[in-house]
Amino acid sequence: MSTMLEATFIQAMIKATSDMWLKGWDERNGGNISVRLSSEEVIPYRSEFYTAPRSISLSQAAPDLANDWFLVTGSGKFFRNVQLAPEECLALLQINEQGTAFTIYWGLCMGDLPTSELASHLQSHAVRKRLSKGKDRVIMHCHPTNFIALSYVVNLDSARFTRLLWEGSTECLVVFPEGIGVLPWMVPGTDDIGHATASTMTNHSLVMWPFHGIFATGPDLDETFGLIDTAEKSSEVLVKVLSMGGIRQSITTDELIALGERFSVSPWKEALAAERSNVT
């Protein structure tokens, strides 16, 4: 039998954090990831659980996640180091039966804590678990450079920003037809931003934290990474276009509608109605 470090979910997290570091999305200890796991995935490794696991109270109860298992990145941990010492940088934890605390069964072996954004992650997990009927299992937060740069110069309206990214790259409407939710700037690591993000994730799988970064959700690490990668690629194109004097021609509303029909997705109506003249 394989060891915990050889587990599929550990190896997938190592790849995701390494790829995000190489993309430049997670400088220093920036960014965090959480993956909801099934008990069937976790239990085969119980022989490696701590004999005296640590239990920690949650600042916000998460009853909808009672007894759920999560693999999460640690607070203050550098993504570039996860591949070198996953047992120091990651934590395998379980929410208790009341949803009021969690217990760390493996990882963070130096006594550290899970990501300071854990409350935000859990609130969003609860929403996406319900909406997707359990399909969405990943919450990913990072700092994509061009995506953040756009937040300083464009209209911070969800529909208008979505329309801008849809026009920036043809595949965007297909990848995130429900658009991007945009929050006002808020202090990170607080219950308030967690509530706001979770609320926005009832309608969007991508959420912008202006001047800060992005929150994304999906069924697995690859899909969630791909969502962010697609939004960031479009943002990079737009940063270059805007620096060259701005948009002169782009995908039209009728063309976006045709694109949705071709790939059997329903574009967010508010974003379709946000004409380019009203975007930037």
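Visitor: Which residues of α7 and α10 meet?
Guide: Leu164, Leu165 and Gly168 in α7 meet Ala231, Ser234, Ser235, Val237 and Leu238 in α10. Contact means heavy atoms within 4.5 Å. Helices are DSSP runs (H or I, at least four residues) and strands are E runs of at least two, numbered from the N terminus.
Guide: This is a predicted model: local features need pLDDT of at least 70, side-chain atom pairs need 80 or more, and totals for chains, interfaces and linings use all residues. Residues are numbered from 1 along each chain, and side-chain values use heavy atoms, without hydrogens or water.
Visitor: At what angle do the axes of α7 and α10 cross?
Guide: At roughly 85 degrees, and the axes come within 8 Å. Axes are lines fitted to C-alpha atoms, for helices over the stretch in contact, and angles run from 0 to 180 degrees between N-to-C directions. That makes α7 roughly perpendicular to α10 (65 to 115 degrees).
Visitor: New topic. How much space lies in the largest pocket?
Guide: About 320 Å³. A pocket is an open set of points on a 1 Å grid where a 1.4 Å probe fits, with protein on both sides within 12 Å along at least five of seven lines; lining residues have an atom within 4 Å of a point. The volume is the space filled by probe spheres set on the points, joined across faces, edges and corners.
Visitor: Which element gives the most to its lining?
Guide: α1, with 6 residues. The lining has 17 residues, and Thr8, Phe9, Ala12, Asp220 and Leu221 lie nearest the centre of the pocket.
Visitor: And the second largest pocket, how much space there?
Guide: About 260 Å³. Its lining includes Arg128, Lys135 and Asp136.

Terms used: Angles under 35 degrees count as roughly parallel, over 145 as roughly antiparallel, 65 to 115 as roughly perpendicular and the rest as oblique.
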